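Have a look at the model first, then read on.

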Amino acid sequence: MDAQAWEKVDALIDANQNKTIKDYFAEDPDRAKKFSLEAAGWFLDYSKNRIDAATMKALVKLAEKANLKAEIEKMFTGRKINATEGRAVLHTALRNMDRNAKVMVDGRNVIPGVRKVLDAMGDFSDSVRRGTWRGFTGRRIKYVVNIGIGGSDLGPVMANIALTPYAKRNMKFFFVSNVDSTHLAETLRQVKAAETLFIVASKTFTTQETMSNAEAAKDWLVRELGDRKAVAKHFVAVSTAKDEVAAFGIDVKNMFGFWDWVGGRYSLPSAIGLSLMIAIGRGNYRRFLRGYYRMDRHFRTARLERNMPVVMALLGILYSNGYGAETYCILPYDQYLSRFPAYCQQMDMESNGKGVTKDGERVTYSTGPIEWGEPGTNGQHSFYQLIHQGTHLIPCDFIGCSKTHNPIGDLHDKLMANLFAQTEALAFGKTADECRKEGVPEKLVPFKTFDGNRPTNTLLCDELTPETLGSLIALYEHKVFTQGVIWNIYSFDQWGVQLGKVLAKGVLKDLVAKKPSGRHDSSTNQLIARYRAAVGR
């Protein structure tokens, strides 16, 4: 992060330390309008933040000093910006709707390959939805079970829940990720083998959790249907490993590929989204991709100061690096977006949870915040107390839709009233004098006083649709990328997940061996011994 540019931001924080969000609104009646913008079906009101025009200008300078525009172009044009793995980062190519698009990687235009896979996905999803794809016994598919983990699970499960109103209601979709046998067992209790399609999502077809669950599901299917040949009619693969897929028993014609320039947490618009396409259909899936594309174009072309992902990224940096905020909360006021915070959690924390700069030096400032959240209004009766009156500063994004898919009485009005009221309360609080005027007893005044000055963004769309969901996901993707550029870290590798996986292989050997090696530390050896004793080894 450019030190000189940050010094200007820091100086403005110091100069305005006695000003509150309430003060800013009192000074400028047009503040809300000045600090709002629209893009790709979403309206962002960021006026309830600890900012003025000078602060935003200084924050934009941070992005300029980081050559953000040039870095954006590198990503969109296939430069190998994932330098530690020597890969391009081209999730944007997966949803490029420009008929004449060319995106070159190693001298080859990747767009025809992307569209070929999308067409194959479309043909397959059509056949499942129409009933022309039948199971081994000739029964129609009624249940789809996606087996994956990380980006191969969180994206599909989040989007399938989000787009439930567009899904084929006479089909049921399940998602298995945890290697805990309970996850698979409870899923299999809800499906019938003759009517179930399993989608195994693993690029290499070697991911331990995914393949362990897939093998167990295959054994169950064969037991239920009595023939190993049934596997070919009930399993398809999202992978690039033809030999491994064939060895598993899946016809490679039913393998949907993707590329090493697609990171797992950005892979939803690739073949990883096959379960979503089956659920909502080819046409709606195309609208989903168009939403991504609209936000992609906005991010690539808009001025930095009017660029929605950039503005959100800069505000996040302001609080993380300027005010010491360690966490960041995403609060969707739409039940269909119940898994969106978890999806963003992986995207952000796996991307920017880095302690080393691109130069291999230890960072000297905070990077990736701890991200969390729940749908409203549930969170109001859980953790909002901490946000309102606790000692931690927790910036929040509130997400809402003006229209509901399920109008029942005045429930939606009440939901949205709560959203707007929460941002108002967090920004403006309630003073001791206001409490006294309401007749609050003096001894209770300290407990009923709200400091306010708690920053929020509010994102609104007209309605949650395939298109607005796609653009919302892209908004957060590009926000994370922008922060990584400014922090001078690599956002598209994830070496931090590797060490535990490697060590687990050695531990597993000791759990099942006739005699454990005893090569671990004393704590781990003790835990291994206790486990072995409990299971009778």
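Predicted model: local features only at pLDDT ≥ 70, side-chain atom pairs only at ≥ 80, totals over all residues.

**Strand β10 and its partners**
- Strand β10 covers residues 327–333, and six of its seven residues are buried, so the rest of the structure largely encloses it.
- β10 pairs with strand β11 (residues 370–372) in the parallel sense, over three bridges.
- Across that pairing, T327 stands opposite I370 in β11.
- To get from β10 to β11, the chain passes through helix α15 (residues 340–352), making a right-handed β-α-β crossover.
- β10 also runs parallel to strand β12 (residues 396–401), and five bridges join them.

**The largest cavity**
- The structure has three cavities of 30 Å³ or more, and the largest holds about 70 Å³ of space.
- Its lining includes T327 and Y328, along with K479 and Q483.
- Helix α14 (308–322) gives the most to this lining, with three residues.
- By class, the lining has five nonpolar, four polar and one charged residues.

**The second largest cavity**
- About 50 Å³ of space lies in this one.
- At least two lining residues each come from α14, β12 and β13 (456–461).
- α14 gives the most here too, with four residues.
- Among the lining residues are Y328 and D397.

Note on methods:
Residues numbered from 1 in each chain as written. Heavy atoms only, no water. Buried < 20%, exposed > 50% of the residue type's maximum accessible area, 1.4 Å probe, protein only. Pairing = 2+ DSSP bridges. Right-handed = clockwise from strand over helix to strand, strands pointing away. 1 Å grid on protein atoms, 1.4 Å probe; cavity = no way out; pocket = protein on both sides within 12 Å on 5 of 7 lines; lining within 4 Å. Points joined across faces, edges and corners; volume = space filled by probe spheres on them. Nonpolar A, V, L, I, M, F, W, Y, C, P; charged D, E, K, R; others polar.
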